[in-house]
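Please look through the structure below before reading on. The paragraphs that follow take its parts in turn.

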Amino acid sequence: MPGNLIQWFPGHMALTRRLIKEHLPEVDIVFELLDARIPSSSRNPEIQNLLNGKPSLILLNKADLADPQQNAAFVRALSTDKTKAILVDCKKGKGLEEIRAAASNTLKEKWDRYREKGISKPIRAMVVGIPNVGKSTLINQLAGSKKAQTENRPGVTKTKQWVKAGKDLELLDMPGVLWPKFDDQKTAENLAMTGAIKDSILQSEEIAVLLCGRIAALYPEFLTARYHLAPEDLEKEPYELFLKIGKKRGLLQSRGEVNEPRCAAMLLDEFRSGAIGRITLDTD
Ligand code: G4P
């Protein structure tokens with residue numbers, strides 16, 4: 001992992017901490033978006049401290065791209081008495097009603113008290129998560145229109161805005177991103193593989209080779225099926241496996257060697273779009 005990557009993070013984490021603290025008093029609940037393919041790696045372990053008792057929901061987004069069995073296991077592992085974990089596919093709009101219902105349910109006592117006093121007001125929620133996890137897509141889906149500015153450049157700061165999502169819900173589009181703690185190699189790799197870290201600051205080939213090794217270990221049958229490999233190909237070192245896949249796909253240079261940048265781009269694309277299969281990289 002290139003050194004500049006590690007240096008790139010602390011500034012963003014400090015900024016996010018400040019922004020969350022600053023805006024927390026304005027909201028009733030926090031929607032913590034995690035990437036269902038990497039629920040542990042996409043989570044900031046400090047989040048509960050940062051929230052300081054504020055109710056929250058854990059939304060495992062991109063559940064459509066993740067292993068269904070692991071989805072169920074992570075919902076069980078992450079749900080607590082106070083915080084419900086929900087599987088979401090923001091792209092297709094799946095899980096949205098469950099989010100609304102869980103938010104109302106979590107805040108029921110407080111809202112019952114408001115109602116007794118004749119007060120009627122929407123629930124205000126803050127959406128936080130790593131870049132590319134689907135924050136804008138979630139806000140757009142809940143709001144039912146292209147209200148949130150979709151910005152697909154990881155790390156880019158947006159201006160704060162409130163978005164109406166029906167009469168009972170208002171969303172604060174966080175002007176920042178919530179990075180996980182970035183102190184181990186595997187977390188960094190997982191964030192790179194799933195596209196949370198901009199490809200241009202990474203060595204895509206290195207990441208794609210690592211990804212080959214990971215999929216070969218976790219979901220070998222997906223690789224053999226997708227790239228017409230023989231079972232013994234999976235015993236190769238990840239780099240050899242990567243080259244084999246490049247050859248199978250005919251991604252060659254004029255002298256017959258594998259075009260490594262093209263092979264890396266193809267593999268990362270096919271993984272991120274779900275073409276290889278529904279894959280969860282975090283195992284606990
Ligand atoms: P962000 O605000 O957190 O940075 O993320 P954003 O909503 O911009 O979403 C990043 C990418 O993830 C988008 O793809 C979006 O369509 C996709 N996405 C969001 N939620 C889901 C989901 O539940 N399932 C799947 N499969 N994809 C999801 P993109 O390639 O940037 O754009 P596009 O191809 O959708 O146009």
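Which side chain meets that of Glu98 in a salt bridge? The side chain of Lys84 does, at 3.8 Å from N to O. A salt bridge is a side-chain nitrogen of Lys or Arg within 4 Å of a carboxyl oxygen of Asp or Glu. Side chains of opposite charge can pair when their charged atoms come close. This pair links distant parts of the chain, since Glu98 is in helix α4 (residues 96-106) and Lys84 is in strand β3 (residues 84-87), 14 residues apart. Helices (H or I, at least four residues) and strands (E, at least two) are DSSP runs, numbered from the N terminus. Glu98 is partly exposed, with a relative accessible area of 39%, and Lys84 is partly exposed at 39% relative accessibility. Here buried means under 20% relative accessible area, exposed means over 50%, and partly exposed lies in between (1.4 Å probe, protein chains only).

Some background belongs here. This is a predicted model, in which local features need pLDDT of at least 70 and side-chain atom pairs count only at pLDDT 80 or more, while totals for chains, interfaces and linings use all residues. Residues are numbered from 1 along each chain as its sequence is written, and side-chain values use heavy atoms, with hydrogens and water left out.

Next comes the chain as a whole. The secondary structure of the protein chain comes to eleven helices and six strands. The protein chain has 284 residues, of which 50% count as buried. A contact means heavy atoms within 4.5 Å. Of the contacts in the protein chain with a separation of 6 or more, 69% are between residues 24 or more positions apart.

The search of the whole structure finds 16 salt bridges. One of them joins Arg226 and Glu270, whose closest N and O atoms are 2.9 Å apart. This pair also links distant parts of the chain: Arg226 is in helix α9 (residues 220-227) and Glu270 is in helix α11 (residues 260-272), 44 residues apart. Arg226 is partly exposed, at 31% relative accessible area, whereas Glu270 is buried, at 12%. Another salt bridge is formed by Asp233 and Lys236, with the closest N and O atoms 3.6 Å apart. Asp233 counts as buried at 6% relative accessibility, and Lys236 counts as partly exposed at 33%.

The structure holds three aromatic pairs. Rings of Phe, Tyr and Trp (its six-membered ring) pair if their centres lie within 6.5 Å; planes under 30 degrees apart count as stacked, over 60 as edge-to-face and the rest as tilted. Why is the pair of Trp111 and Tyr114 edge-to-face? The ring centres of Trp111 and Tyr114 are 5.0 Å apart and the planes are at 85 degrees, so the pair is edge-to-face. Trp111 and Tyr114 are three residues apart in helix α5 (residues 108-116), and so they are separated by about one helical turn. Trp111 is buried, at 10% relative accessible area, and Tyr114 counts as buried at 17%. The rings of Tyr219 and Phe222 have centres 5.2 Å apart and planes at 5 degrees, so this pair is stacked. Tyr219 counts as buried at 8% relative accessibility, whereas Phe222 is partly exposed at 23%.
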